[in-house]
Amino acid sequence: MNRLRKPLIAAAAIALLVTSCSDPGAGSAANDTGTPASWPAETTKLDGVNLTIWAAQNSNAVAKKVSADFQAATGAKVNILTVPDPYEQSVQTKVASGDKPDLAFWQPTASQLTAINAKQNLQPLDGAPFVDKYTAALKDSTGILDGTRYAALVTVPAVEGVWYNKEVFAKYGIAATPKNFDGMLADARKIKAQGGVPFYEMGGEKWATQWWVQVQLAEAAKQGLWDKVNNGEEKFTGPTILGAITKYKSLVDEGLFNENLTSATFVDQGKALLSGEAAMAIQVNTFFSQLQAQSSTAELNKKIGFFPISPGGNVGTVIPDQSNALIAFKTGDTKREAAARQFLSYWLGTAYPGFVKDLNTVSIQTGVETPATVPDALKANAASLGDSVGSMQVLAIVNPDLYLNLANMLAGQATPEKVASATQAQFDQLAQAIGAPGF
């Protein structure tokens, strides 16, 4: 995406917000009356019902097996449509134009539920039969806006941290994972000095650039950074956030990244880490999914590890992403709306043990064990949730396009100061659109 499209994306998000504010009760189904939605039996016959699920490039295979099994069990037809990246902005633009699916993968944070106008556009999922199956730590951790549940969590919320190649670390004499951000940089410089590539960035697809800034803000977030940003006490242009942006730029200028960082893709990043072309990548859980698709658990346990990172230690930054949860839209077709709820109930009911096994991932339900075949790195990622802190997307009232501005910086089209000022300007604009006090 070029810079010319950015105002259009922001405008789409604001249009959605304004529509919600002007007619908060608009929509279909009994959900709007305050009456809890019914939850059909998981295998109720749905012959002739067609459901559409929107997914991103990195989540379009997550529901494939569940969808096929649901079709076989109910007679419904489920079509998974891949929406181009940047996914969230593309979805917002489509919904603003009146185009809605039945279900969509969606980041279940308060800021992103606000951005999609949950009250106007989404079916409430309160009373869903799967809610009490979630582990205690996850049950009410995300997917809720203003006391109403709008998203169904299907996988462990993503944690921003460092995926690393164990063999590359051993090659360059690094015997233990770093204990803080500066320790990681010391290891990176050791790798670079011996001719290696310390970090691999996927700047060609842009969306992951923000992880580098956000992991540097972990302790500040624990101390209330985003509360201060939300009430205007702190700015993106202030020393804390601007300092993190500037640090990221200085590491790029130092040559600690792959030379093609402005054109490299998500797939390139995965291949580089798995092959040992690079030592580390700051990424979220979906990054590991592509490695699983290419390797056995034995190979991954041998090659790939994970550690959370922050300036003061090993604090992870949680960012439930769009691959972790689904939302169900109000489409005006009550039969399809009920079928969408049934699909979620089936997925997180009868199908869930098989889903966890097929995806080879960590379970989020108390009655379903994590398969023994889940790679160690994915278990380490999930274990880091305990001491983690929320990301900008979790704790800020709105979610500006920090990553697009950072991508412009990597391309030489913006300074750190311009990145910060542009992000703050959009934050102010989005905060005003939702009627946040002080904006």
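**Burial, core and salt bridges**

Reply: R149 has 6% relative accessibility, so R149 counts as buried. Buried means under 20% relative accessible area, exposed over 50%, and partly exposed in between, with a 1.4 Å probe and protein chains only. This is a predicted model, in which local features need pLDDT of at least 70 and side-chain atom pairs count only at pLDDT 80 or more, while totals for chains, interfaces and linings use all residues. Residues are numbered from 1 along each chain as its sequence is written, and side-chain values use heavy atoms, with hydrogens and water left out.

Me: Which residue forms a salt bridge with R149?

Reply: A salt bridge is a side-chain nitrogen of Lys or Arg within 4 Å of a carboxyl oxygen of Asp or Glu. The partner of R149 is D140, with the closest N and O atoms 3.0 Å apart. D140 counts as exposed, because its relative accessibility is 53%. By this rule there are 12 salt bridges.

Me: Where do K249 and D253 lie?

Reply: An α-helix has 3.6 residues a turn, so residues three or four places apart point the same way. K249 and D253 are both in helix α12, four residues apart, about one turn of the helix. Helices (H or I, at least four residues) are DSSP runs, numbered from the N terminus. The closest N and O atoms of the K249 and D253 salt bridge are 2.9 Å apart. K249 is partly exposed at 22% relative accessibility, whereas D253 is exposed at 55%.

Me: How many residues does the largest nonpolar core have?

Reply: In soluble globular proteins, nonpolar side chains tend to be buried together. A nonpolar core is a set of buried Ala, Val, Leu, Ile, Met, Phe, Trp, Tyr and Cys residues joined through side-chain atoms within 4.5 Å. Here the largest one has 137 residues, and M184, W226, M280 and W347 have the most contacts inside it. Helix α12 (residues 239-253) supplies the largest share of this core, seven residues.

Me: Which residues does W226 touch?

Reply: Contact means heavy atoms within 4.5 Å. Leaving out residues up to four places away in sequence, W226 touches L217, A221, F236, I241, G390, S391, M392, L395 and A396.

Me: Why is helix α14 largely enclosed by the rest of the structure?

Reply: Helix α14 (residues 285-294) is largely enclosed because seven of its 10 residues are buried. The buried residues in α14 are N285, T286, F287, F288, Q290, L291 and Q292.

Key:
Helix = DSSP H or I, 4+ residues; strand = E, 2+ residues; numbered from the N terminus.
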